[in-house]
Every structure is written in C-alpha cells, then in structure tokens.
Amino acid sequence: MKSALWTRAVKASADPERARRFLELLTAAGAEEVLRRTSTDGARLLSALLSGSQALGNLLVGHPEWLDVLDVERLRYPRRNQGMRQEANDLVRAAMDAGDYATALSRLREFKQREMLRIAARDLGQLGNVSQITREISDLADVCLAGVWEVCRRQFESRFGRPWHQDAAGTWLPTAFSVLGMGKLGGQELNYSSDVDVLFVYSEEGQVFKEPPTGRRDSCTVLANHPFFNRLAEAFIAEVSRVTSEGSLFRIDLRLRPEGDAGPLCRSLGSYENYYAQWGQTWERMMLIKARGVAGDETLAGEFLEMIQPFRYPRAVNESVLQEIGVMKDRIETEVLRADDVERNVKLGRGGIREIEFVVQSRQLLHAGRQPFLQGTQTLSTLEKLAQYDLLSSEETRVLREAYGFLRAVEHRLQMEENLQTHTVPADR
C-alpha cells in the first residue's frame, strides 16, 4: 500500500519494516480497497497494531474482513460487558437451539480472537488506559466462560438429567452450580496471556434424575451430584482450554482450590465452608479476596462470597497470621528466577507486579475486616482506599499506582508480541 498517508503512518510506527510487510500481505489478501479508504487516524492505528504484535498481524492477515472491527471512532471507547455478551449470544443462538454445540463453540472462539484484536488495537493505539484494557479482557473472559458453561450444561442435562437435592422438609430442589473466578480473573485484571484461575461449587449433595423427583424416595436416580458436577467441570475445562483452528479460549489453572491438585475438582458449598473453617491457610484468605462469580448460577456465587466473608476479611488476626504473611513476603522476594531475570521480569522480579499486589492484599487482610470500605477485588482502586485510611501515604500510593500501570503496560507489550505467557523484558535491546 503506497501513498503519502501510509508512508507517514508506517514511518511513525514502532517497527516500520514489520508494519510495511504486513500491509503488503493484507493487500495481497484482498484488503487493498479497505486500506485505500482508511483515514489518517486509522492508518496510524493500524500501523501501530501491525508493528506492535507479530501474532496479531498474522491473525489479521488470516482474517482481513476483521479490518472493519478496527474503525477508529468505534475504538475510542471501551465496550461494555453487556454489549459483548449480547453479541456472543446472537452469534451462537441458532447453533445452540439446533443442538450444534461444536459450531457454537467454534463461533465463540472466533469471537474471542476478534475481540482480542479490537482490544489490542485500542491498547497499541493508546486509546485506552491499563485499567480499561484489563477490564475489557476480563469481561471478554466472563462472556466466553459463561458461553462454554451453557454449552456443557445443556449437553450434560440432555444426557444424564438434572441434579436435585432435598431441603430440611424433604422437598426436592434443583441443585445450582457456579464457576468462581480467582486471581486476575476475579480482580478483572487479566492480561493478554493470563491463565484463568477458577473454583467450582455446587449448592448441595443430591441425585441426578431424568425426570423431576416427586417423593422423598425416588428410585429413578441416574447419578449422584458430586460425580455429575465433576464430569461437568472436566468437560468445561477441556472446552475452554482446547486448541483448534479457530484458536483457543483460555488456559485454566485449578491450583487455588482447597488441597490443590490433590483436592476434589468440585465441592458443595458446605464442603467449602468446613474446609476453610478447619484448614484454611493465610494464603487462601488472600487468594479469596479476589473471588467473584463468573459463570453459572449468580445466586449461588453470592452465597459462596457471603460464606467466605469472615474468613477472607477477619475482624482480628493473631500472631501466627502475621508470621505467615512475613513468610509469604520472603517467598516472593526469593522467587526462583535466573540471576539475569531479577531486574527484567516485570511480574516476579524485584519491585514487580506481584510485590505491588502483595502490598495491597496483605493490608486488606489485616484491616478490611474492621474497615469494610477497604474490601474489593481490584488493585488500583484499593490502593486509593488505603491512602484514604492512612494505611499508605499519598506519595507511596502515587508511586505504586504509577509503577503498577507502567509494569502492566510493559507486560501487555511483551505478551501480545507472540501471544506467549511471558513477563521478561528481552535482553536484546
């Protein structure tokens, strides 16, 4: 694409040679007319995108029709969760209604790739700040996880029936299930190549029936609730992490569940309550600070959060908790890194993202039980609250806020380059 407009835009980009090469590939792919109609601002934004990410450049060359998504006026403002959810639902509705779940999942994966392209264009075009970008990626994850959950739920209920449980009076009630987001997903702070940390919870033990149970002793049971939800969770994990020609959705990390890899995949609400009351550890209190419902039954997710509230935000902490916080900080400072990575790893290195998050969450654990205003899942907003309560000085808050924003922006640039889960600045300048 040769014109004065494109020449200026490419020259001003971070990697003119790469931007020029991708423009040639897009032209060869049939996008010449679209590129010719591009405005000055549009050329500048597309050049920034193509020069800033090898992976996204390849994606766009494979889908030149997605150039329409990169309209500058549409990119000036972030998309709301509701708008993304409505579009995703519209894309998969016909396939879902027809029971064509493979097509529904394929369209969902393609939707995710297209939205990540749009978000990255806003980011590289400097049309959104770090908080907006991480929120959009997290909202997109919520939409995709909810879509996969709905596909898996329909498949399993069609095959096995619905899970039920009895209340104290012996009345049969449908058993709810919820997917809880933890870590950066829970905090709505995902980056371009984040794992998604999740927990699975169902409301009660019971039985699965093809037809709604009518009496206290119904013999037509198919399966108990626990194995049903375990299999459902396994199917959900497989579909979310599956790599296909349309790309993949997300890698799932389950290590934050009680007992880690040795623990059951799913638990009932009562099982979680017993575990945290008897064996819950300090790191689990801090981990649960970011918990929120992301898919499945919203009411059950709310019950889970209410149940863990005294555990994650205790009104008082004893000496052992303070000692454990100290041990956790020591572990962060001695994280296993190669010597030359300590100053270049923006997440785990000295003064990195994890240390800033620890500053925030440790103070929430110590004080938010008595000062509910400090409760919250997001790092930057909580930093401001800590300053208001004089738990950090205004200057400390400013420095941490600016460092966090800068380090997260660098992390984004590193990850969008090849769509890899990396946090280390290259040694090659």
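The model is predicted, so local features are reported only at pLDDT of at least 70 and side-chain atom pairs only at pLDDT 80 or more, while totals for chains, interfaces and linings use all residues. Residues are numbered from 1 along each chain as its sequence is written, and side-chain values use heavy atoms, with hydrogens and water left out.

I begin with a helix pair. Helices and strands here are DSSP runs numbered from the N terminus, H or I of at least four residues for helices and E of at least two for strands. Helix α3, residues 40–52, packs against helix α7, residues 101–124, at an angle of about 105°, and their axes lie 9 Å apart. Axes are lines fitted to C-alpha atoms, for helices over the stretch in contact, and angles run from 0 to 180 degrees between N-to-C directions. The two helices α3 and α7 are therefore roughly perpendicular, a term covering 65 to 115 degrees, with under 35 counted as roughly parallel, over 145 as roughly antiparallel and the rest as oblique. On the α3 side the contact, meaning heavy atoms within 4.5 Å, involves L45, A48, L49 and G52, and on the α7 side L117, A120, A121 and L124. By class this contact has seven nonpolar residues, one polar and no charged; Ala, Val, Leu, Ile, Met, Phe, Trp, Tyr, Cys and Pro count as nonpolar, Asp, Glu, Lys and Arg as charged, and the others, Gly among them, as polar.

I turn now to the open sheet. How many strands form the open sheet, and in what order? There are four, in the order β2-β1-β5-β6, with antiparallel pairing; two strands pair if DSSP finds at least two bridges between them. Strands β2 (172–174) and β6 (221–224) stand at the edges with a single partner strand each, so one side of each has no neighbour in the sheet. From one strand to the next, the twist averages 40°. Within the sheet, β1 (residues 162–166) and β5 (residues 207–209) run antiparallel and are joined by three bridges, and W164 stands opposite Q207 in β5. Helix α8, residues 130–160, packs on the sheet and touches β1, β5 and β6, its direction making about 75° with that of β1. Helix α10, residues 225–241, also packs there, touching β1, β5 and β6 at about 70° to the direction of β6.

Next comes strand β3. Six of the six residues of β3 (residues 177–182) are buried, where buried means under 20% relative accessible area, exposed over 50%, and partly exposed in between, with a 1.4 Å probe and protein chains only. F177, V179 and G181 point one way from β3, whereas S178, L180 and M182 point the other way. Strand β3 pairs antiparallel with β4 (residues 196–202) over six bridges, M182 having D197 as its bridge partner. Strand β3 also pairs antiparallel with β9 (residues 292–296) over four bridges, and here G181 stands opposite R292.

I close with the cysteines. How many disulfides does the structure hold? It holds zero, a disulfide being a pair of cysteine sulfur atoms within 2.5 Å. For C144, the nearest cysteine sulfur is that of C152, 13 Å away, and C144 is buried at 1% relative accessible area. For C266, the nearest cysteine sulfur is again that of C152, at 12 Å, and C266 is buried at 0%.
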